[in-house]
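Work through the exercises below with the sequence and the coordinates at hand. Each task is followed by a stepwise solution.

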Amino acid sequence: MAKPQSEIGYKQGALGYTALTSGDYQRAERQLQERDGVAADDPARLINLGQVYAKTGRYEEALKAYTAAMKSKKQFDLVLADGRVISSREAAKLALANLRSDYAVK
């Protein structure tokens with residue numbers, strides 16, 4: 001069976017998805033910072049960057065990245081790791097809500 005494609009519409013690795021989902025946050029951050037053909041304000045990039053920041057304890061930076069993704073003029077559908085398809089704005093809101101609940105527990 002073929003492996004499902006990640007980062008649809010982007011060069012593989014440009015969004016750091018595989019590194020992020022495998023827990024290699026350093027590599028994911030490097031890929032996201034390199035922005036291989038991805039705009040700095042791309043909501044998918046900002047959401048994944050926020051995930052890296054959250055997973056590495058940089059909650060203020062994660063908050064900024066999620067907020068920027070949520071307020072971006074760009075909006076499109078994203079496929080989440082669990083297979084759901086939602087708008088980038090909704091994905092950013094969900095990530096922000098999760099960050100707030102995670103941060104409150106810490």
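**Exercise 1.** Locate I8 relative to α1, and decide whether I8 is buried or exposed.

Step 1. I8 lies in the segment before α1, which spans 17–21; helices are DSSP runs of H or I with at least four residues, strands are E runs of at least two, and both are numbered from the N terminus. This is a predicted model: local features need pLDDT of at least 70, side-chain atom pairs count only at pLDDT 80 or more, and totals for chains, interfaces and linings use all residues. Residues are numbered from 1 along each chain as its sequence is written, and side-chain values use heavy atoms, with hydrogens and water left out.

Step 2. Because its relative accessibility is 55%, I8 counts as exposed (buried is under 20% relative accessible area, exposed over 50%, partly exposed in between; 1.4 Å probe, protein chains only).

**Exercise 2.** State which elements the protein chain has, in order, and compare its radius of gyration with the globule rule.

Step 1. The protein chain has 5 helices and 2 strands.

Step 2. Read from the N terminus, the order is α-α-α-α-β-β-α.

Step 3. The radius of gyration is 13 Å, close to the 13 Å given by the globule rule for 106 residues, so the protein chain is as compact as a globular protein of that length (C-alpha atoms; the rule is 2.2 Å times the number of residues to the power 0.38).
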